[in-house]
Amino acid sequence: MSKYPATVNVITTGSGEARRGFTATAVFSATMDPPAIGICVNKSVDAHDALRPDSSFCVNVLAVEQQGIANRFAARDGSKGASRFEHDTWDILVTGSPCLRGALANVDCKVSQFIDIGTHTLILGDVVSVRSDRVQNPLLYFDRGFRQLATESLEMGE
């Protein structure tokens, strides 16, 4: 899977001191009608238990310059729990989940399904709100490291 490039996202849930979040690359569009997102959550992360059937989450798609946020929410600096939120600006869209201001996109979701898969839980969420304010290069993860897109785009059909 290290050869499978993926966008880097911070998944957030909760409010106040109960806020939790983690860095994830296992995020996908599940359906377009109705719009739904899937996330794979390792059962060992502290945010796992905060995601319940009556909860919500936000997928915050990170830009290249937000690598520090990705590292913090991956606990690479030793931070835990709500302290991970202290260095950035967070908004609330519809569900109450924290949405990172300045992210490439925020996808605000209500939890709809849980599927137990070994060490992880696949959580599906119904999209209730989306915010996308800017066009920047996304932060990518590939071959065990952060990457960015090349500056040139290919024409469709090439």
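Helices, of at least four residues, and strands, of at least two, are DSSP runs numbered from the N terminus. The views below use these names.

**View 1**
The model is predicted, and its chain holds 1 helix and 12 strands. Read from the N terminus, the elements follow the order β-β-β-β-β-β-α-β-β-β-β-β-β. The radius of gyration is 15 Å, close to the 15 Å given by the globule rule for 158 residues, so the chain is as compact as a globular protein of that length. Along the principal axes, the C-alpha atoms fill a box of roughly 45 × 40 × 35 Å. Of the contacts between residues at least 6 apart in sequence, 63% join residues at least 24 apart.

**View 1. The surface of the chain comes to about 8800 Å² of accessible area.**
That is the accessible surface of the chain, about 8800 Å², and carbon and sulfur atoms account for 53% of it. Buried residues make up 42% of the 158 residues. The side chains include 15 positive and 18 negative ones. The centres of these two charge sets are 7 Å apart.

The relative accessibility of H48 is 14%, and because buried means under 20%, H48 counts as buried. Leaving out residues up to four places away in sequence, H48 touches V41, N42, K43 and T121.

The bond from D33 to P34 is cis, and its omega is near 0°. A hairpin connects β4 to β5 through 2 residues. The two strands pair in the antiparallel sense, over 5 bridges. In this pairing F28 stands opposite G38 of β5. Strands of a sheet pair through backbone hydrogen bonds, in either a parallel or an antiparallel way.

**View 2. Strands β1, β11 and β12 form an open sheet.**
This sheet has 3 strands in the order β1-β11-β12, and their pairing is antiparallel. β1 (6–7) and β12 are the edge strands with a single partner each, so one side of each has no neighbour in the sheet. β1 pairs with β11 over 2 bridges, in the antiparallel sense. A6 has Y141 of β11 as its bridge partner.

The phi of D143 is positive, about 55°, although D143 is not a glycine. For R144, likewise not a glycine, phi is positive at about 65°. D143 has a relative accessible area of 32% and is partly exposed. R144, at 65% relative accessibility, counts as exposed.

Apart from neighbours within four places in sequence, S129 is in contact with L93, V94, N106, V107 and D108.

**View 3. G81 lies in the loop between α1 and β7.**
This loop runs from α1 (67–73) to β7 (90–92) and contains G81. At 9% relative accessibility, G81 counts as buried. G81 and R20 are 61 residues apart along the chain, yet their C-alpha atoms are separated by 5.4 Å. Residues up to four places away in sequence aside, G81 touches R19, R20 and D46.

Note on methods. Residues are numbered from 1 along each chain as its sequence is written. This is a predicted model: local features need pLDDT of at least 70, side-chain atom pairs count only at pLDDT 80 or more; totals for chains, interfaces and linings use all residues. Side-chain values use heavy atoms; hydrogens and water are left out. The radius of gyration is taken over C-alpha atoms; the globule rule is 2.2 Å times the number of residues to the power 0.38. Buried means under 20% relative accessible area, exposed over 50%, partly exposed in between (1.4 Å probe, protein chains only). Contact means heavy atoms within 4.5 Å. Accessible areas come from the Shrake-Rupley method with a 1.4 Å probe; for residues, only the protein chains shown count as cover. Lys and Arg count as positive and Asp and Glu as negative; His and the chain ends are not counted. The place of a charge is taken as NZ of Lys, CZ of Arg, CG of Asp or CD of Glu. Two strands pair if DSSP finds at least two bridges between them.
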